[in-house]
Amino acid sequence: MNDFMVPVLIVTGIGILAGVILSAAAKFMAVKVDERFEKIRAELPGANCGACGYAGCDQYAQALVENPDLATNLCVPGGAGAAKALSEIMGVSFEATVPNYAVVHCNGTCNNTQYAVDYEGPATCAACSTLFGGRGTCPNACLGFGDCVKVCPYGAIDLVDGVAVVDKNLCVGCGLCAKTCPKALISLIPVTSNVYVRCSSQEKGAATRKACKTGCIACRKCEKACPSQAITIVNNHAVIDPAKCTNCGTCVAQCPTGAIHEYKCPVELAAQAKAEAAGEEKAAE
Amino acid sequence: MKEMMIILFSAILTENFILAKFMGICPFLGVSKKLDSAVGMSVAVTFVMAMATAVTWPIYTYLLVPNGLDYLQTVVFILVIAALVQLVEIILKKYVPALHKSLGIYLPLITTNCAVLGVTMLNISKELNFAESMVNAVGAGLGFLLAMVLFCGVRQRLEDIDTPECFKGIPITLIAASIVSVSFMGFGGLVEGLFK
């Protein structure tokens, strides 16, 4: 009997002792969690994209709880809905966000530019860009391996003819792609802007012209033509200031190389590419 | 002192828990993708190994052995380590929130990690005294850290390499792990020679 009871008692005793210590510790050392934290966290989309400037949704919620003066409209994917809900929880006035979307400043498709080298390394933009800046004739061209496609949590980016194109309808403007692109070709513009420059070439006009059919050659035609002075030439390519741009489309018509585009969704672009290819075939015949 | 150094360095190099004894393989494969999480996990393991040894050694020596219950060590050790890790987590959360933030997610994972149970049981079977056990536990943790950091470097390179389709993912990781393990075989006999 004793042989049997002693081990049982000892093991049970250790178990009970551990249980008592744990429950006592859980009670006396409980950390108070602000109840607003859970509510805020529930309103955030949970994509952990980092567009708010914090590491993730948890961190943004925590920062909001700790600092009531913090803006409630920092969540880009959540948009106005999340901002409104957060403002209600925090009891502050609500300011709407202006949603952004990403655009790729390159139009170096297979028709417009060529590869300078046969690249056979790892199939990522990050790896390719470390070798002499890429494989194309243009040093500022989209590398076309789709690092941005892989990183996009919303599936908003496609590769059309070897160039990344963002679908405005799916993009929430988190900016993960802009951070990932090793060539820094992607930027965020407000959804109200429809006109953007599809070129980031930093070469002089002549060099750009040699490398790509539709590169921006910094001729300043658009700069002079723009009725609202929204265009400036920076680093040998045109840059549109979305705050001044009225989407009038004058620059699109003026551009001699077709570097400035009005936004089109990838589906339209794919159809356009197909039509162009068909047209060329006909011309060849 | 010489004894201690031999125990410490053989635990790190020749008897490395992951690469020579093949314990704690799941965190080795699971958390070694990023350097910061690999270091976080290893520091947590080292911490728990030392704590577990500090608690299980006295329990074994002063409670189980006098009652002739050494056959119960596995059960009792699991119980004690699980409770201990929970307690450590609660205490860290209350008093050292910064440390809890960096180790927090790893602590519950380690509760039933075989490397932690392994080091406590090895201390007993090798008949080490308390101080030697502690040195062995810390050495085992540091060895874990070394293996994790080295393997993390290997894995980050694997990511950028164009591996054949059939080797992608886990297969190439396991092959790389075995090669790293083979390289650690080269340390055999080194420690005894170092402190002659």
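**Exercise 1.** Determine how the axes of helix H3 (residues 35-64) of chain B and helix H4 (residues 73-95) of chain B are placed relative to each other.

*Solution.* Step 1: the two axes come within 10 Å and cross at roughly 135°. Axes are lines fitted to C-alpha atoms, for helices over the stretch in contact, and angles run from 0 to 180 degrees between N-to-C directions. Step 2: H3(B) is therefore oblique to H4(B), since angles under 35 degrees count as roughly parallel, over 145 as roughly antiparallel, 65 to 115 as roughly perpendicular and the rest as oblique.

The model is predicted: local features need pLDDT of at least 70, side-chain atom pairs count only at pLDDT 80 or more, and totals for chains, interfaces and linings use all residues. Residues are numbered from 1 along each chain as its sequence is written, while chains are lettered from A and ligands numbered from 1 in the order in which they are written.

**Exercise 2.** Classify the residues in the contact of H3(B) with H4(B).

*Solution.* Step 1: find the residues in contact (C-beta atoms, placed from the backbone, within 7 Å). Those in H3(B) include B:Val48, B:Thr56 and B:Leu64, and those in H4(B) include B:Gln73, B:Phe77 and B:Val88. Step 2: sort by class, where Ala, Val, Leu, Ile, Met, Phe, Trp, Tyr, Cys and Pro count as nonpolar, Asp, Glu, Lys and Arg as charged, and the others, Gly among them, as polar.

**Exercise 3.** Describe the side of chain A that touches chain B.

*Solution.* Step 1: 16 residues of chain A are in contact with 18 residues of chain B. Step 2: helix H1 (residues 2-28) of chain A gives the most to this side, 11 residues. Helices are DSSP runs (H or I, at least four residues), numbered from the N terminus. Step 3: by class, the side has 15 nonpolar, 1 polar and no charged residues.

Methods. Contact = placed C-beta atoms within 7 Å. Helix = DSSP H or I, 4+ residues; strand = E, 2+ residues; numbered from the N terminus.
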